[in-house]
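Please examine the side-chain contacts and the surface of the protein shown below.

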Amino acid sequence: MLFFTIFAVFLAKRYRLFRFSMYLWLSVAIIGLIWEVLLFTSGLRHYSFLSSAELMYHAIPEGGPGLIIMAIFADYVGIIDLSDYKEEK
């Protein structure tokens, strides 16, 4: 997951979509955090190490990098247009 995250950040910087990508990542991390907290408090998820650290580990890197790469790829092939969100050089 670490290499996937590094690749997503590299693509975001390369295509000048870093701030937009961080907003995507933040929104996905919040959704993932809510999901993980609900699973943990209902007893459907059990952590074997330090619960708060493992909860953050599952919430933050799971959805963000994939969503960033998917959005950049969709912009690259022309499915969506992210030109309004690109930073100036």
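The structure holds 1 aromatic pair, where rings of Phe, Tyr and Trp (its six-membered ring) pair if their centres lie within 6.5 Å. Two rings also meet a charge, as named here: the charged end of Lys 13 sits over the ring of Phe 18 at 4.3 Å from its centre, and Arg 14 lies over the face of Tyr 15 at 5.9 Å from the ring centre. Such a contact requires NZ of Lys or CZ of Arg within 6 Å of the ring centre and within 35 degrees of the ring normal.

This is a predicted model, in which local features need pLDDT of at least 70 and side-chain atom pairs count only at pLDDT 80 or more, while totals for chains, interfaces and linings use all residues. Residues are numbered from 1 along each chain as its sequence is written, and side-chain values use heavy atoms, with hydrogens and water left out. The mean pLDDT (the predictor's confidence in each residue, from 0 to 100) is 90.

There are 2 salt bridges, each a side-chain nitrogen of Lys or Arg within 4 Å of a carboxyl oxygen of Asp or Glu. Glu 36 pairs with Arg 45, with the closest N and O atoms 2.9 Å apart. Glu 36 is buried at 2% relative accessible area, whereas Arg 45 is partly exposed at 26%; buried means under 20%, exposed over 50% and partly exposed in between (1.4 Å probe, protein chains only). Asp 75 and Lys 86 form a salt bridge at 3.8 Å, N to O.

On the surface, Phe 73, Tyr 76, Val 77, Ile 79 and Ile 80 form a nonpolar patch. Tyr 76 is exposed, at 62% relative accessible area.

Methods:
Rings of Phe, Tyr and Trp (its six-membered ring) pair if their centres lie within 6.5 Å; planes under 30 degrees apart count as stacked, over 60 as edge-to-face and the rest as tilted. Patches are made of residues with over 30% relative accessible area and no salt bridge: like charges are joined within 9 Å, nonpolar side chains (Val, Leu, Ile, Met, Phe, Trp, Tyr) within 5 Å. Accessible areas come from the Shrake-Rupley method with a 1.4 Å probe; for residues, only the protein chains shown count as cover.
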